Amino acid sequence: MTPKEGCSNPIVDGSTDSPGSREAASAQALRHRAEERASAMPKDIEALSPELAGRELHELRVHQIELEMQNEELRRTQEQLEVSRARYFDLYDLAPVGYFTLSEQGLILEANLTAAKLLGVARGVLVKQPLSRFILREDQEIYYLYRKALLETGVPQVCELRVLKKDAAPFWVRVEATTAQHADGASVWRAVVSDITERKRAECTLKTTNVELQEFAYALTHDLQEPLRMVVNFSQLLEQEQGGKLGVDADKYLSYTVDGALRIERLVRGLLAYWEVTEGGGDRFSAVDCNYLLSQALLSLQTSIQQSGAKVTSDSLPTVTANEVMLTQVFQNLIANSIKYRGKATPTIHISVMRIPEGWLFSVTDNGIGIEPAFTERVFGMFRRLHGSEVPGTGIGLALCKKVVERHGGRIWVESEAGQGAVFKFTIPTGGALTSAPGFAD
């Protein structure tokens, strides 16, 4: 409210520390001294000697001048306070957000003009009304729990809910509140209310668009599998039956066709796996033995391990709360990655683990070709591959690992230098939860 409307001013509240109150106290003290001086004078002024009377009169005039100076200073201070008061109320009333002061019972004690405009009513109508009157019925429970937490804990609270506006549709607001003490000493809470309708509308539109894109991507990759499988099968059959009969060039073209079809098939399978990790169905997590998960990953990689002669060892691994299929996928992809990017020496891979405050830290260490430090973050990007077509792969495996670990609430990174091998590290927090996905190794 403005000063004319009788709203209390949180800035000018009679505090003894304000400049005006200090000036007033000084003037009051001076007045008391003058009164004491006057009362100490003899009642019979004529009995005073001319010298004493002149001295007393001089003292009174000095006090009079001091009082006039104090009064002038007090007047100037009062004018400055009025200017500050008017400036404050301009800022208060014209702020782009609504300000409310409410009692512990939720009654509106004060509100600025923006708050009244948000609700579409006159400010006078708001005073002494419960704020809950303007909240959509479906969101009353949100408001109740919000106010309860604020008053019980005293900790600032934030919530988002819908409010009613006269002759208009409900709209979304963000409410930020904190407890305070009113000028009369009563406990109150102050709330800042901002209109977030446009943000909510944009979020809804973006969510709808994302869902449609996800459904399209899933349908596209899922429906591509059958025709791709046919291309692969018939290309392989043609290569087997006609190989060496159609000439060198034809054999080369057939080989290119089969390889290209197989790469596309792996890419589609990778995209499907990535979609499942990112947008897959309901939460399924439980206590899983990581030793068992590692054994399943090694079983899936048995052919690659035998062909490369890789030696894979591990510490005794813990039991963690995780999704069995997805965590197996992380072990499988990281070990496969170490085998794929091996150096001239026989691949040696070790999986270790250590307890950390938030859960478990796993490390997959290899003696492969390593990664330049400048690229250690790039390798986790979708389709980001450092070696092009010279090393087979889709560029999805490490991106998938990152998504899986993040769905557990952990993080993943790599420490490496070119030619010095790599150490992939990831954390699994205690009590992690995530969604299901099929196994996949890039």
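Mentor: A crossing of two helices is left-handed if the near helix is turned anticlockwise from the far one by less than a right angle, and right-handed if clockwise. This is a predicted model, where local features need pLDDT of at least 70, side-chain atom pairs count only at pLDDT 80 or more, and totals for chains, interfaces and linings use all residues. Residues are numbered from 1 along each chain as its sequence is written, and side-chain values use heavy atoms, with hydrogens and water left out.

Trainee: What is the hand of the crossing of α10 and α11?

Mentor: Helices here are DSSP runs (H or I, at least four residues), numbered from the N terminus. The axes of α10 (residues 324–340) and α11 (residues 397–407) come within 9 Å and cross at roughly 145°; axes are lines fitted to C-alpha atoms over the stretch in contact, with angles from 0 to 180 degrees between N-to-C directions. The crossing is left-handed.

Trainee: How many charged residues does the contact of α10 with α11 have?

Mentor: Contact means heavy atoms within 4.5 Å. The residues making it include Met326 and Leu334 of α10 and Leu400 and Val404 of α11. Asp, Glu, Lys and Arg count as charged. By class, the contact has eight nonpolar residues, four polar and, as for charged ones, none.

Trainee: What is the mean pLDDT of the protein chain?

Mentor: pLDDT is the predictor's confidence in each residue, from 0 to 100. The value stays under 50 over residues 1–16 and over residues 387–391. In the protein chain, 73% of residues reach 70 or more, and the mean is 77.

Technical notes
Helix = DSSP H or I, 4+ residues; strand = E, 2+ residues; numbered from the N terminus.
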